[in-house]
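Please read it with the coordinates open.

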Amino acid sequence: MSNKVKVIPCSGIGKVHGLLAREMALKIVNEICPEVSQTECLAYIVTGDQDIRDRIQSGKCITIDGCPKMCAAKSVAQAGGIIAQEFRIVDTLKEYRGAKPGNATALNEEGWKIVDETAEKIAANVKDIYGEE
Amino acid sequence: MEPIKVGVISCSGEDCLGGTISRLAARKILERIRYGESVTICLPLFIAGGEEERGFAEAYPTITVDGCGKYCAKRATEKLSGKVTDVVQVADIIGKETAERTALSSRNLTPEHREMADKVAEEIRIKFDRIVEGNFKK
Ligand code: SF4
Ligand code: SF4
């Protein structure tokens, strides 16, 4: 079973926050550091199937949640995953006061800037966590 | 008669293209095709939320939109919320091999991907209208 760091976003469907989380995770696992990170489908984790529980329990996880409901973090914890770090988009957006990043369907230029910059920061943590393994 | 609202829940899977398409198609229904007549919920709120969230599939006739044959949205909804009224499965529409490709950032979507999302949205619309026309009310 892979010990890559699992980056799990909430992908919330109703607001831009979920899309920001999703795009950050995809950028990290597909572009910035695919050699040390991977993602899993959160909906699969929510099913509670043994197969995904086994996978989520191998290696450490970073969760990225859109809002204080913390769906990704709670679902990963319920599946027995070890969460090394929890990120919240609402906190990230405090660094971009007044930002209008787009909507739940599509990001605009401002949204992509937030994704690119924050994904780099989270990826640095991914690499540190992988290095500690 | 009070118009019914129909729930649309996508798996939004992060690990394969089918999940990306499921999310895009669901957003299309919610935002344009059946705007005002459709409602959704973040699927993991069935774990992280409260009684109100878990009551979603009891409150609305619900269509789940899944990226692949694992049917995570359907199974999670039925396990944690209630029986779904209909299902749409992306791989049935765009092919298993395509649906299992790597999940795409919305930045890298091509016209071909948008066409896939349109096809899936049309399938959702057909099932959606069937529910409304059947005057199905939970
Ligand atoms: S954390 Fe918030 S935005 Fe993300 S899935 Fe949960 S309710 Fe939706
Ligand atoms: S149905 Fe398939 S694409 Fe959707 S969450 Fe499950 S495994 Fe991922």
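**Notes on the interface, cores and charged pairs**

1. Between chain B and chain A, 17 residue pairs are in polar contact across the interface, both residues of each pair having a pLDDT of 80 or more. This is a predicted model, and the points that follow should be read with that in mind. On the side of chain B that touches chain A, α1, α2 (45–48) and α5 (72–80) of chain B each supply at least two residues. The largest share of that side, seven residues, comes from α1(B).

2. How much area is buried between chain B and chain A? The figure is about 3,000 Å², and carbon and sulfur atoms give 57% of it. Chain B puts 35 residues into the contact and chain A puts in 34 residues. In chain B, the residues that lose the most area to chain A are Glu14(B), Arg23(B) and Arg107(B), which together make up 25% of what that side buries.

3. Three salt bridges cross the interface of chain B and chain A. A salt bridge joins the side chains of Arg75(B) and Asp49(A), with an N to O distance of 2.7 Å. Arg107(B) also belongs to a network of salt bridges, in which it is linked with Lys27(A), Glu31(A) and Asp116(A).

4. Glu14(B) is buried and yet has no salt bridge. Which side chain of opposite charge is nearest to Glu14(B)? It is Arg22(A), 4.0 Å away. The side chain of Glu14(B) does make a polar contact of 2.6 Å with that of Ser11(A).

5. The surroundings of Glu14(B) can be listed, leaving aside neighbours within four places in sequence. Its contacts in chain A include Pro9(A), Cys10(A), Leu26(A), Thr39(A), Glu40(A), Cys41(A) and Leu42(A). Ser11(A) and Arg22(A) are also in contact with Glu14(B), as is Ala103(B) from its own chain.

6. The largest nonpolar core has 57 residues. Those that touch the most other members are Leu20(A), Met24(A), Ile28(A), Ile45(A), Ile64(A), Ile122(A) and Val126(A). Helix α1 (residues 16–32) of chain A gives the largest share of this core, nine residues. Not counting residues up to four places away in sequence, Ile122(A) touches Met24(A), Ile28(A), Ile62(A), Ile64(A) and Phe87(A). A second, separate core holds 27 residues, among them Ile29(B), Ala99(B), Ile124(B) and Phe128(B). As background, nonpolar side chains tend to be buried together in soluble globular proteins.

7. Helix α4 (residues 71–78) of chain A has Cys71(A), Ala72(A), Ala73(A), Ser75(A) and Val76(A) as its buried residues. What covers these buried residues of α4(A)? The cover includes β1 (5–9), α2 (42–47), α3 (50–56), β3 (60–65) and β4 (82–88) of chain A, together with α2 of chain B. After α4(A) comes Gly80(A), which has a positive phi, near 90 degrees.

8. Over all chains the structure holds 21 salt bridges. One of them joins the side chains of Arg55(A) and Asp51(A), at 3.3 Å from N to O. These two residues lie four apart in helix α3 of chain A, so about one helical turn separates them. Arg55(A) is partly exposed, with a relative accessible area of 23%, and Asp51(A) is also partly exposed, at 37% relative accessibility.

9. Glu95(A) and Lys121(A) form a salt bridge whose closest N and O atoms are 3.1 Å apart. This pair links distant parts of the chain, 26 residues apart: Glu95(A) is in the loop between α5 (89–94) and α6 (109–132) of chain A, and Lys121(A) is in helix α6 of chain A. Glu95(A) counts as exposed at 53% relative accessibility, while Lys121(A) counts as partly exposed at 45%.

10. In chain B, the side chains of Glu78(B) and Lys83(B) meet in a salt bridge with an N to O distance of 3.6 Å. Glu78(B) is partly exposed, at 28% relative accessibility, whereas Lys83(B) is exposed, at 59%.

Conventions: Residues numbered from 1 in each chain as written. Chains lettered and ligands numbered in written order. Predicted model: local features only at pLDDT ≥ 70, side-chain atom pairs only at ≥ 80, totals over all residues. Heavy atoms only, no water. Core = buried A, V, L, I, M, F, W, Y, C linked by side-chain atoms within 4.5 Å. Buried < 20%, exposed > 50% of the residue type's maximum accessible area, 1.4 Å probe, protein only. Contact = heavy atoms within 4.5 Å. Lys, Arg positive; Asp, Glu negative; His and termini not counted. Polar contact = N/O pair within 3.5 Å; in protein donor to acceptor, adjacent residues only side chain to side chain. Buried area = accessible area lost by both parts, 1.4 Å probe.
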